[in-house]
Amino acid sequence: MKKLLVCLLSLGVCSLGALAGVTPAVAQQWPNRPIRFIVPWGAGGITDTISRMYNERVSAILGQTIVHEYRPGAAGRIGMGELGRATPDGYTIGMANAGQLTIHPNLYARLPYDADTSFVILGMMGMSPMALAVPVQSPVRSVADLRALSQRRSLNFGTAGIAGPHHLAAELLRKTGVAGVPIHYRGGGGEIMAAMLNGALDANFDTVYQQNIFQQDGRYRILAVTSRERMPQLPDVPTFAELGNPEINLETFYAAAAPSGVPAPIIARLAAAYAEAARSPEIVSWLQEMALTNVHLTPPELATYIRDWRERWRLVIEEQNIRVQ
Amino acid sequence: MELLNHLALGFSTALSMQNLLYAFIGCLLGTLIGVLPGLGPVATMSMLLPATFTLQPTAALIMLAGIYYGAQYGGSTTAILVKLPGESSSVVTVLDGHEMARRGRAGIALTTAAVGSFFAGTVGTLVIAAFALPLASVALSFGPPEYFALMVVGLIGSIVLASGSVLKAIAMVVLGLSLGLVGTDTQSGVERFTFDTEELVDGLNFVAVTMGVFGLAEIIANLEKHGSVGSEITRVSTLFPTREDWRRMWPAILRGTGIGTVLGIFPGGGPVISSLTSYLVERRVSKNPEEFGKGAIEGVAGPESANNAAAQISFIPMLTLGIPSNIVMAMMAGAMMMHSIQPGPQVMTRNPELFWGLIASMWIGNVMLLVLNLPLVGIWVRFLTIPYRFLYPAIIVFCCIGVYSVNNTVFDIFQAAFWGVVGYGFLKLKLEPAPMLLGLILGPMMEENFRRALVLSRGDFGIFVSTPVACTFLVLAAILLVVLASPALRKKREVAFREEDPA
């Protein structure tokens with residue numbers, strides 16, 4: 001009995017010692033086991049694909065496996081909440097998007113995370129500008145034509161859900177005198193395309209990649225893009241800035257994030273790994289194929305970027321009185 | 001002639017040793033996960049997706065497709081043997097398939113499902129090869145009023161389909177519709193009946209509800225009757241259908257295939273709606289409707305052919321338009337994107353060997369599945385002889401894994417447990433859960449299209465009768481209602497179901 005007690009005590013002392021020395025040692029040894037990467041969406045689709053493209057490289061850089069975990073639901077808020085609550089030891093990281101960080105805080109009083117304080121954004125994986133398109137059978141050739149049409153009759157805009165980027169882009173457009181009623185399609189791009197072609201919808205915003213697929217096969221005509229510069233895939237399509245509406249510039253984004261509280265040296269290594277992957281030639285050419293752009297910003301710069309966007313969306317959402325609750 | 005050239009190209013691609021091997025691996029994996037209750041193709045495909053990184057894109061897609069239709073085959077096995085629909089599209093297979101098993105005809109039911117699926121798969125492949133483009137344009141022409149009218153037909157149909165009291169069936173459909181209201185409203189974004197629970201924002205988890213009311217409830221009910229479970233279903237007479245069985249099953253397979261082919265091109269629940277419609281049709285045309293719900297072979301042959309044809313046809317929107325019609329198709333599109341292939345119409349012209357190879361491999365996969373499954377029937381049937389005290393904990397574990405793997409959340413397991421208890425209550429009250437599940441699937445789609453149609457028409461209800469297709473569906477729905485209410489049919493129903501329900 002005594003022996004057992006001594007054993008337990010010495011074990012306790014040992015583990016206390018281990019705990020005391022934990023912080024520097026862990027940061028040095030990190031990563032010595034697989035890292036979890038939470039994708040707040042279902043498997044398949046662009047969020048899954050872009051995560052896998054990056055993490056294959058990041059995993060090689062860090063010399064450790066990265067395991068993807070899908071936590072879909074509530075437009076990414078469930079997975080985001082899970083990431084915010086995860087132990088900040090650098091072994092759980094994940095994806096963050098424009099919706100959860102810049103739009104939802106303006107819509108929902110209660111979120112399972114704090115968009116300002118719960119996360120450190122490690123790096124931007126890709127940004128997706130949007131394009132305004134009309135069905136190919138439409139007589140509309142330009143944004144000016146669309147404005148003229150909207151003065152004659154009430155237009156229908158297809159969106160993939162209320163207060164999503166498709167919808168907010170349409171609301172921004174309203175400020176330039178092109179007014180339309182948003183019609184929401186849970187199924188997104190494909191359902192909207194069917195409705196565009198059978199004449200139910202007059203126009204829609206979607207990612208440049210998606211719109212370009214439908215333009216190439218002769219279904220859509222793209223009128224303008226929301227990127228800062230013209231897209232290399234669409235050299236003839238003007239940006240809204242060129243058309244005199246510089247306020248219509250927007251992009252959704254895919255970023256890598258960690259819960260706040262992860263030791264700074266680990267954050268630095270993760271941020272460096274994502275930055276290195278973002279500059280690799282395979283990623284650069286793949287992003288271009290997918291009509292995605294990217295900026296190379298440090299974690300503090302990214303925090304500012306996200307705060308600015310959140311403020312911008314707050315103004316749009318308040319001005320247009322968009323409510324979900 | 002062009003078609004023959006294309007098919008020749010396809011077969012020469014698909015018959016290469018490497019592609020045959022991947023087709024086989026896919027089919028085998030698919031069958032296995034289909035047999036394990038709950039563990040669906042989505043979880044399996046997402047685990048295997050990284051492995052396909054290093055493969056040729058054609059081989060990768062062939063393997064992933066094999067998993068998908070393999071699971072469709074396997075899903076019916078659990079539906080028949082343990083009354084647990086492996087896939088939502090096997091829900092109606094449970095009704096007669098499991099009854100056949102209870103009467104010692106499990107082997108025949110499994111063979112029927114395999115033969116029906118094979119035939120439907122073959123037709124589906126041919127249809128994709130020959131008519132993919134024109135069919136895709138039909139799907140495009142459906143707008144909100146057409147979808148709404150189609151859903152109305154589906155819901156009224158599900159009442160006709162239900163056995164027993166009409167009143168109870170209507171009550172269950174309405175219950176399903178109300179449950180479908182849980183979650184975010186698409187047009188306004190308002191969250192309804194979520195009780196501030198993020199997990200309910202996207203509505204109830206359909207798989208959890210299905211597993212609960214069918215799987216778990218059945219287990220509770222079985223455990224109630226000591227000892228007697230299992231013994232009544234171990235009398236396995238023959239594995240192979242008799243001449244009489246063949247005669248009855250062929251017309252059902254033909255009709256089921258036709259229904260699945262037509263309804264499969266529509267996004268959202270193609271296979272589910274097809275199998276339910278097929279069941280409804282079989283019962284209506286049958287000379288012995290009283291046998292339905294008690295082990296009618298048509299009730300297995302028709303729906304199983306229909307869901308397989310629809311599953312195959314659901315490749316059309318993805319391959320020709322780049323629109324995935326369900327999660328599995330979204331994963332296939334994702335696999336293409338990783339290999340820098342844009343899913344869409346250009347696939348057919350830019351990567352013809354991939355497009356036609358995939359189509360040819362579907363048929364080869366169906367042959368493999370038939371060859372794989374017929375000998376397995378004998379083995380699966382032995383499952384019935386496993387003492388229930390060993391079987392049920394295993395079923396519960398697999399149910400939990402399957403439910404968890406849909407959204408990777410423990411909340412859904414609690415949901416399934418809750419619905420298990422509710423389902424037990426349904427059994428006690430002799431309420432049929434199938435109409436409720438249909439209400440739960442179709443309700444949200446119907447509401448979405450109803451609201452959307454009215455927003456488009458700025459509130460004018462005339463939009464619902466503005467197109468011939470919508471009118472036709474609504475007239476069909478009205479006829480179904482009249483049939484349902486007619487005294488002659490009510491009498492026939494009462495006679496048909498009296499023996500079953502002596503209480």
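**Entry 1: a threonine in chain B**

I began with B:Thr13, which I found in helix H1 (residues 2–14) of chain B, where helices (H or I, at least four residues) and strands (E, at least two) are DSSP runs numbered from the N terminus. Before going further I noted that this is a predicted model, in which local features need pLDDT of at least 70, side-chain atom pairs count only at pLDDT 80 or more, and totals for chains, interfaces and linings use all residues. I also noted that residues are numbered from 1 along each chain as its sequence is written, that chains are lettered from A and ligands numbered from 1 in the order in which they are written, and that side-chain values use heavy atoms, with hydrogens and water left out.

Is B:Thr13 buried or exposed? I found B:Thr13 buried, because its relative accessible area is 15% and buried means under 20%, exposed over 50%, and partly exposed in between (1.4 Å probe, protein chains only). The side chain of B:Thr13 reaches the backbone oxygen of B:Leu9 at 2.8 Å. Setting aside residues up to four places away in sequence, I listed B:Asn19, B:Thr58, B:Glu353 and B:Gly357 as residues that B:Thr13 touches, contact meaning heavy atoms within 4.5 Å.

**Entry 2: chain B as a whole**

I then looked at the chain totals, and the secondary structure of chain B comes to 21 helices and 2 strands. Chain B has 503 residues, of which 60% count as buried. Among its contacts between residues at least 6 apart in sequence, 78% join residues at least 24 apart. Its accessible surface comes to about 19,000 Å², and 71% of that belongs to carbon and sulfur atoms; such areas come from the Shrake-Rupley method with a 1.4 Å probe, and for residues only the protein chains shown count as cover.

**Entry 3: other places in chain B**

I looked up B:Thr409 next, and B:Thr409 sits in the loop between helix H17 (388–407) and helix H18 (411–429) of chain B. B:Thr409 counts as buried because its relative accessibility is 14%. Leaving aside neighbours within four places in sequence, B:Thr409 is in contact with B:Glu199 and B:Tyr404.

B:Leu32 is found in helix H2 (residues 17–35) of chain B, and B:Leu32 is partly exposed, with a relative accessible area of 42%. B:Ile170 lies in helix H8 (residues 166–179) of chain B and is likewise partly exposed, at a relative accessible area of 35%. I noted that B:Ile170 and B:Leu155 are 15 residues apart in sequence and 9.4 Å apart in space, C-alpha to C-alpha.

**Entry 4: cysteines**

How many disulfides are there over all chains? I counted 0 disulfides over all chains, a disulfide being a pair of cysteine sulfur atoms within 2.5 Å. B:Cys399 is in no disulfide, and the nearest cysteine sulfur, that of B:Cys400, is 6.8 Å away. B:Cys399 counts as buried at 3% relative accessibility, and B:Cys27 counts as buried at 0%.

**Entry 5: salt bridges**

Side chains of opposite charge can pair when their charged atoms come close. A search of the whole structure finds 31 salt bridges over all chains, each a side-chain nitrogen of Lys or Arg within 4 Å of a carboxyl oxygen of Asp or Glu.

One of them joins A:Arg57 to A:Glu282, with the closest N and O atoms 3.9 Å apart. Because A:Arg57 lies in helix H3 (residues 45–62) and A:Glu282 in helix H11 (residues 281–289) of chain A, this pair ties together parts that are 225 residues apart in sequence. A:Arg57 is buried, with a relative accessible area of 17%, whereas A:Glu282 is partly exposed at 43%.

The side chains of A:Lys175 and A:Glu319 also meet in a salt bridge, at 3.5 Å from N to O. A:Lys175 lies in the loop between helix H7 (165–174) and strand S6 (180–184) and A:Glu319 in helix H12 (residues 299–319) of chain A, so the pair ties together parts that are 144 residues apart in sequence.

My last entry is A:Glu311, which forms a salt bridge with A:Arg314, the closest N and O atoms being 2.6 Å apart. These two are separated by about one helical turn, because A:Glu311 and A:Arg314 are 3 residues apart in helix H12 of chain A.

Definitions and conventions: A polar contact is a pair of N or O atoms within 3.5 Å; within protein, one must be able to donate a hydrogen and the other to accept it, and residues adjacent in sequence count only if both atoms are side-chain atoms.
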